[in-house]
Amino acid sequence: MKKSIVVLSIAIFTIMAVSCGKKDSDQTSATNEAASVETTTETAQNDDSSDKTLTWTKSGNFIDDQENHLVIYQTSEEMGYSKDGFGAMLMIGDEMYSGDLDEKDGKLRGTLSVYTDDESQGEEIKIALTDMDDYILMTQDDGSEMQFKPDDTDYSDFDILPMFSYNQVLADISYDALEAAAYDYLSFDYMKDYDPSNVIIPYVQIVDVDETNSDDVLLYGDYYVWEYAGEEDTLVAVSGGHCPGIIHLERFGDVGEGASYSPKGTIDEAFTDDDAKTIFGKYYEYYLTLSSDDQMVDSGLSQIISDYVAANNLDITKYQIAGGDVKELPETRVKHITGTLPAYEYPGPELFYSVLYQYVIDNLANAYSDTEVSIPCPVILTIDESNKDDIKVYGDFWVFNYYLDGDIMKNTSGGSYPGCIHVKSSADGYEVTGMDMVEDGNQYIPTAKKIFGNYYEDFMKLEEDLDGREATRAQIIANYVAANGLNVAAYQDMGWDPVLLPEENIDSFYSNLDG
């Protein structure tokens with residue numbers, strides 16, 4: 001067994017510690033404690049539930065003459081665990097077992113379960129640990145014995161990459177519970193045969209979701225999983241690839257913002273195009289649109305890598321996938337937030353647009369947290385004012401998020417929200433009463449036709465007019481900069497050259513609808 005297996009035991013030890021109830025703030029200390037891999041003697045905590053004193057004193061990493069590993073760690077409620085006692089992780093060959101242990105008659109006893117790739121019940125073994133002073137004697141219920149001595153290997157020079165964590169890397173940029181569950185599954189469950197000194201970094205493009213059954217939520221997605229090794233200043237993908245399909249999840253709570261999801265440990269994977277047609281069914285065309293856009297996929301992969309590198313403060317500037325060219329990493333979206341840009345307020349004289357823009361900020365831009373300022377960019381197709389109680393504003397309502405770098409506002413994220421916003425006019429002013437939004441996936445075209453009606457063909461032309469959208473976007477930014485007296489000359493999207501801002505036209509950007 002390679003020494004890198006020990007690193008895996010350390011990583012799993014940390015995960016086990018968290019899953020037993022440790023808070024996020026304790027994860028660093030747990031990792032550092034495990035990484036030292038020193039056998040320690042500690043005074044055991046009192047077990048309040050049994051009112052008996054724990055006398056077991058050994059914890060740390062132990063190894064036998066076949067390089068099997070045993071990790072023993074102490075738990076207590078004061079440390080944030082669910083109970084006072086001990087836990088163990090056992091590695092015999094390629095099998096990994098874990099479980100809780102209770103002290104009885106001076107020994108640690110318990111049942112360890114093997115880690116499996118699916119939902120099936122893994123093999124279980126009952127063990128008893130006896131402290132023999134110089135070694136730990138492990139006795140299984142079949143009478144077999146193993147002797148583990150303290151592992152005095154110096155792992156300080158063992159170079160490992162930190163594990164990928166959605167919460168650490170992506171949650172503050174734009175948290176999505178379904179996306180988080182997909183990343184967790186692909187990071188920890190999907191790929192088992194890899195070098196633990198490397199890192200698994202997934203990339204997720206959600207196609208659609210079927211939440212009919214809360215016990216088996218079907219998350220259709222275009223997924224990528226790569227194992228990366230660190231080579232000087234470059235992350236090199238040494239294994240992995242494309243794994244589209246359906247990840248099975250369990251939902252807790254009702255569908256909506258309060259719902260959370262947990263991976264069930266299985267994926268229906270499409271290995272061929274015929275598989276994809278069968279698995280994705282009515283979602284196949286949209287899946288094909290996502291997966292065939294090589295530029296978008298490469299951009300997404302590289303961005304995830306860049307964010308992972310920044311989140312872990314790694315001295316990495318390049319990446320390489322599947323033997324391709326070594327490429328520079330794009331600018332990261334993390335750790336740029338300084339709060340130097342003021343919040344956006346519509347600067348023009350029109351009350352109608354002030355209300356409309358504020359609705360976009362309050363109801364669409366609130367999905368993004370990692371930003372100094374969210375600036376709306378409504379690309380308006382037409383306004384139907386035939387009914388003052390229900391003014392219909394048809395368009396594609398974009399949101400772009402920026403941070404300030406010198407005299408350039410750099411975009412970190414954003415999104416498109418096409419549909420129709422309903423506005424009511426009264427003597428008191430204007431009030432947004434709701435929005436009909438075009439849905440994603442295979443419902444995009446049907447819902448767009450329903451919402452835009454006779455304007456559907458014009459809407460599709462509007463979506464194709466990228467130059468028109470960028471001109472509107474640039475003008476909105478220029479007016480924001482002028483209204484706030486900022487020293488900003490340009491805006492920039494990730495991977496693109498800066499775009500110089502035009503002159504402001506605050507007083508004439510829209511016709512005055514208040515008269």
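Predicted model: local features only at pLDDT ≥ 70, side-chain atom pairs only at ≥ 80, totals over all residues.
1. **Helix H8.** Next, look at residues 294-311, which form helix H8. H8 has 18 residues and spans 26 Å between its first and last C-alpha, close to the 26 Å expected at 1.5 Å a residue. Since 13 of those 18 residues are buried, H8 is largely enclosed by the rest of the structure. Just beyond H8 sits Asn 313, whose phi is positive at about 55°.

2. **Helices H10 and H11.** How do the axes of H10 (residues 444-452) and H11 (residues 456-464) cross? They come within 8 Å and cross at roughly 120°, which makes H10 oblique to H11. On the H10 side, the contact is formed by Tyr 444, Ile 445, Ala 448, Lys 449 and Phe 452; on the H11 side, by Tyr 456, Phe 459 and Glu 463. Sorted by class, this contact has 6 nonpolar, 2 charged and no polar residues.

3. **Arg 251.** Is this arginine, Arg 251, buried or exposed? Arg 251 belongs to strand S15 (residues 245-252), and its relative accessibility of 13% is under the 20% cut-off, so Arg 251 counts as buried. Its side chain makes a polar contact of 3.1 Å with the side chain of Glu 211. Leaving aside residues up to four places away in sequence, Arg 251 touches Glu 211, Ser 214, Val 217, Ala 259, Ser 260 and Tyr 261.

4. **Two loop residues with positive phi.** Most residues other than glycine have a negative phi. Asp 133 is not a glycine, yet its phi is positive, about 70°. You will find Asp 133 in the loop between strands S9 (124-131) and S10 (136-140), exposed with a relative accessible area of 61%. Ala 322 also has a positive phi, near 55°. Ala 322 is placed in the loop between strands S17 (318-320) and S18 (327-328) and is exposed, with a relative accessible area of 59%.

Terms used
Residues numbered from 1 in each chain as written. Heavy atoms only, no water. Axes fitted to C-alpha atoms, helices over the stretch in contact; angles between N-to-C directions. Helix = DSSP H or I, 4+ residues; strand = E, 2+ residues; numbered from the N terminus. Parallel < 35°, antiparallel > 145°, perpendicular 65-115°, else oblique. Contact = heavy atoms within 4.5 Å. Nonpolar A, V, L, I, M, F, W, Y, C, P; charged D, E, K, R; others polar. Buried < 20%, exposed > 50% of the residue type's maximum accessible area, 1.4 Å probe, protein only. Polar contact = N/O pair within 3.5 Å; in protein donor to acceptor, adjacent residues only side chain to side chain. Expected span 1.5 Å × (residues − 1).
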